[in-house]
Amino acid sequence: MDNRGLSFMPLRRPFRVVCLVPSWTETLFDLGLTEEEIVGRTDYCIHPMDRVDRIERVGGPKDPDIQKIFRLEPDLIITDLKLPKMHGLDMLEELNKQGYRIPTIVMTFHGSEETAVQAFRLGVRDYIQKPFEIKEVLACVERVLVESRLRREQEKLHRRLATTNRRLGQKVA
């Protein structure tokens, strides 16, 4: 149960999250995530003060440093559509242009069906309109993190299989 009396299901660990939504960085801490799991935050994520200082800053919510986010190797990015200097969809487009495929959840008050469709076309894993239930977001985060973990395991197995096939091919030849 969190400090607001809400119960939630625990997330499977370990994982790495970059949160570009200041209010959600604090909520993630309230839900039991640690500084090792929340690996990136915006300059505006200032609560809880005693914990956020240990988390890498990735720019402001409107101008996130995409290269820095990528270097943090997150399993998940949580963002809003309305970022101060950049629209959330623009950030997704920039990630795609640079070849990054980081699972992303978009939260917004300012959404529309058209925006949701555009977000999904850009590869967003989930699109949540505010107001929302904490349980809904937790289920979404859990689903995206499991998906991300499975995708990484699959990629690792494909690389191992390719290496093994190459070695076998060399022995046979």
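What percentage of the contacts in the protein with a separation of 6 or more comes from residues 24 or more positions apart? Such residues account for 50% of those contacts, a contact being heavy atoms within 4.5 Å.

1. Basis of the note. This is a predicted model, in which local features need pLDDT of at least 70 and side-chain atom pairs count only at pLDDT 80 or more, while totals for chains, interfaces and linings use all residues. Residues are numbered from 1 along each chain as its sequence is written, and side-chain values use heavy atoms, with hydrogens and water left out.

2. Overall make-up. The protein has 6 helices and 8 strands; these are DSSP runs numbered from the N terminus, helices being H or I with at least four residues and strands E with at least two. Read from the N terminus, the order is β-α-β-α-β-β-β-α-β-α-β-α-β-α. Of the 173 residues, 42% count as buried, where buried means under 20% relative accessible area, exposed over 50% and partly exposed in between (1.4 Å probe, protein chains only). The exposed surface comes to about 10,000 Å², of which carbon and sulfur atoms supply 51%; accessible areas come from the Shrake-Rupley method with a 1.4 Å probe, and for residues only the protein chains shown count as cover.

3. The sheet. An open sheet is formed by 6 strands in the order β3-β2-β1-β6-β7-β8, with parallel pairing. Two strands pair if DSSP finds at least two bridges between them. The edge strands, β3 (56-57) and β8, each pair on one side only. Strands β7 and β8 run parallel and are joined by 4 bridges; Thr108 stands opposite Gln129 in β8.

4. Helices against the sheet. Helix α1 lies across β1, β2 (38-41), β6 and β7, at about 140° to β1. Helix α6 lies across β6, β7 and β8, at about 170° to β8. For these angles, axes are lines fitted to C-alpha atoms, for helices over the stretch in contact, and values run from 0 to 180 degrees between N-to-C directions.

5. The nonpolar cores. A nonpolar core is a set of buried Ala, Val, Leu, Ile, Met, Phe, Trp, Tyr and Cys residues joined through side-chain atoms within 4.5 Å. The largest has 24 residues, of which Val17, Trp24, Leu28, Leu76, Ile78, Ile105 and Val141 touch the most other members. Two or more residues each come from β1 (17-19), α1 (22-30), β6 (76-80), β7 (104-108) and α6 (134-172). The largest share, 7 residues, comes from α6. A second, separate core of 12 residues includes Val18, Val58, Leu95 and Tyr100. Beyond its neighbours within four places in sequence, Leu76 has contacts that include Val17, Ile105, Val141 and Leu145.

6. Aromatic pairs. The whole structure holds 2 aromatic pairs. Rings of Phe, Tyr and Trp (its six-membered ring) pair if their centres lie within 6.5 Å; planes under 30 degrees apart count as stacked, over 60 as edge-to-face and the rest as tilted. Trp24 and Phe132 form a tilted pair, 5.9 Å centre to centre with 45° between the planes. Trp24 lies in helix α1 and Phe132 in the loop between β8 (126-129) and α6, so this pair ties together parts 108 residues apart in sequence. Trp24 counts as buried at 5% relative accessibility, whereas Phe132 is partly exposed at 21%.

7. The stacked pair. Phe70 and Tyr100 have ring centres 3.6 Å apart and planes at 20°, so the pair is stacked. Phe70 is in helix α3 (residues 66-71) and Tyr100 in the loop between α4 (88-97) and β7, 30 residues apart. Phe70 is partly exposed, with a relative accessible area of 37%, whereas Tyr100 is buried at 10%.
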